[in-house]
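Me: I'm new to this one. Can you walk me through the charged pairs and then a polar contact?
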Amino acid sequence: MALSPRTARSLRLTGSLFLYVGTAIAGTVHRAVVTRVPPVYPELAHRMHVGGKVVLLVQIQADGTVSDTKVESGHALLAPAAQDAVSRWRFAPGPEASESEIDVNFNSDGQ
């Protein structure tokens, strides 16, 4: 039974949509932190009593290493320290690379 061109195109489009959604879901699988390195509170931020949360989007390789970090939000004085620390974290290995959103909290008491 041959499919009409319109039906074939519709099926290809639907298949592509499911493939895209499946990839997006697989990419955001929660991975446990195996090794957590604490951030070094920047001296200038500490003296200025700057605190708060830095939110990072972290790319995690299948072996659990961090390959990239991107600042989603947070104070500019704190972001580099958060990125430096999280880039040295290790996550549980998984079947493929994934991404995760990580919150790094700083308070003016020192950490």
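Me: How many salt bridges does the count come to?
Reply: The count comes to two salt bridges. Keep in mind that this is a predicted model.

Me: OK, which residue does Lys-53 form a salt bridge with?
Reply: Asp-103. Their closest N and O atoms are 3.9 Å apart. The cut-off is within 4 Å, so the pair counts.

Me: What parts does that pair tie together?
Reply: Lys-53 sits in strand β2, residues 52-60. Asp-103 sits in strand β5, residues 98-106. So the pair links parts that lie 50 residues apart in sequence.

Me: Is Lys-53 buried, exposed or partly exposed?
Reply: Lys-53 is partly exposed, at 45% relative accessibility. Asp-103 is partly exposed too, with a relative accessible area of 41%.

Me: And which side chain does Arg-88 meet in a salt bridge?
Reply: That of Asp-84. The N to O distance is 3.2 Å.

Me: How accessible are those two?
Reply: Arg-88 has 40% relative accessibility, so Arg-88 counts as partly exposed. Asp-84 has a relative accessible area of 43% and is partly exposed as well.

Me: Is Ser-98 buried or exposed?
Reply: Buried. Its relative accessibility is 5%, and buried means under 20%.

Me: What does the Ser-98 side chain join up with?
Reply: A polar contact of 2.9 Å joins the side chain of Ser-98 to that of Arg-31.

Methods: Residues numbered from 1 in each chain as written. Predicted model: local features only at pLDDT ≥ 70, side-chain atom pairs only at ≥ 80, totals over all residues. Heavy atoms only, no water. Helix = DSSP H or I, 4+ residues; strand = E, 2+ residues; numbered from the N terminus. Buried < 20%, exposed > 50% of the residue type's maximum accessible area, 1.4 Å probe, protein only. Polar contact = N/O pair within 3.5 Å; in protein donor to acceptor, adjacent residues only side chain to side chain.
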